Amino acid sequence: SNPSRHVEARPEQILQWTDGQAIVATGSPFAPVEYKGERYEISQCNNSYIFPGIGLGVVASKARRVSDGMLMAASRCLAEASSAHHASRNVVLPPLTALAELSKAIAFAVAKVAQAEGLASERSDDELRGDIERNFWTPQYREYRRIAARAR
C-alpha cells in the first residue's frame, strides 16, 4: 500500500513469515532488510518501471491503441531486465538508475507488438529505434542565477 504508514505488512514481516522465501516488492520505499544473515533489497515496484516505456513505444510507433499484447510485452521486458541487472537473488527489479535504458527497451518491445498486431505501420528495427530516440525525453535544467538584489 501507499503510503508506507498504511501497509498491510512490512517487508521484514513478510520475510519472517515465509522464512526468507518470498519475493518482496512494495509500492512505497523501504530500507533493505537483514534476515538470517542475508541482506534483502526491497524493490519499489510502481508505474515508473512500465508506463514510460509503454507511452514511448506507442508514440514512436504511432500505434492506434494499446493492446493486452503490448502490455504483456512491456511486462516481459521488465522481467527479463530484472535478472540481467542483478547478481543478487534478493533483488526483484533493476535500480531506478537503469530506468532510461529500460524504458527504451520496453518501448521497442511494445512497438514491435503493435506492428505485429496491425496497430502500427511496419518499419525496420533501425527506423523504430531512431523514432524511440527522437521521442525520448531527457530533462534539461537551466542554471539558476539570482538576479534581484537581496533586501536588507
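Of the 152 residues in the protein chain of this predicted model, 37% count as buried. The chain exposes about 10,300 Å², and carbon and sulfur atoms supply 53% of that area.

The radius of gyration of the protein chain is 20 Å, whereas a compact globule of 152 residues would have one near 15 Å. Along the principal axes, the C-alpha atoms fill a box of roughly 60 × 50 × 30 Å.

The secondary structure consists of 5 helices and 4 strands. Read from the N terminus, the order of elements is α-β-β-β-β-α-α-α-α.

Charged side chains number 19 positive and 17 negative. The centres of these two sets are 11 Å apart.

Helix H4 covers residues 99–116, which is 18 residues. From its first C-alpha to its last, H4 reaches 25 Å, close to the 26 Å expected at 1.5 Å a residue. Buried residues in H4 include Leu 99, Leu 102, Ile 106, Phe 108 and Val 110. Ser 103, Lys 104 and Gln 115 of H4 are also buried. After H4 comes Gly 118, which has a positive phi near 75°.

Leu 78 belongs to helix H3, residues 68–84. Leu 78 has a relative accessible area of 10%, so it counts as buried, the cut-off being under 20%. Leaving aside residues up to four places away in sequence, Leu 78 touches Tyr 49, Ile 50, Leu 93, Pro 94 and Leu 102. Leu 102 in this list is one of the buried residues of H4. Ala 31 is 47 residues from Leu 78 along the chain, and their C-alpha atoms are separated by 22 Å.

Lys 36 has a phi near 50°, and Lys 62 has one of about 60°. The table gives their places and accessibility.

| Residue | Loop between | Relative accessible area |
|---|---|---|
| Lys 36 | strand E2 (33–35) and strand E3 (38–40) | 63% |
| Lys 62 | helix H2 (51–61) and H3 | 65% |

Lys 36 counts as exposed because its relative accessibility is 63%, and the cut-off for exposed is over 50%. Lys 62 is likewise exposed, at 65%. Leu 78, by contrast, is buried at 10%.

Key
Residues numbered from 1 in each chain as written. Predicted model: local features only at pLDDT ≥ 70, side-chain atom pairs only at ≥ 80, totals over all residues. Heavy atoms only, no water. Helix = DSSP H or I, 4+ residues; strand = E, 2+ residues; numbered from the N terminus. Rg over C-alpha atoms; globule rule 2.2 N^0.38 Å. Buried < 20%, exposed > 50% of the residue type's maximum accessible area, 1.4 Å probe, protein only. Areas by Shrake-Rupley, 256 points an atom, 1.4 Å probe, with all protein chains shown as cover. Lys, Arg positive; Asp, Glu negative; His and termini not counted. Charge placed at Lys NZ, Arg CZ, Asp CG, Glu CD. Expected span 1.5 Å × (residues − 1). Contact = heavy atoms within 4.5 Å.
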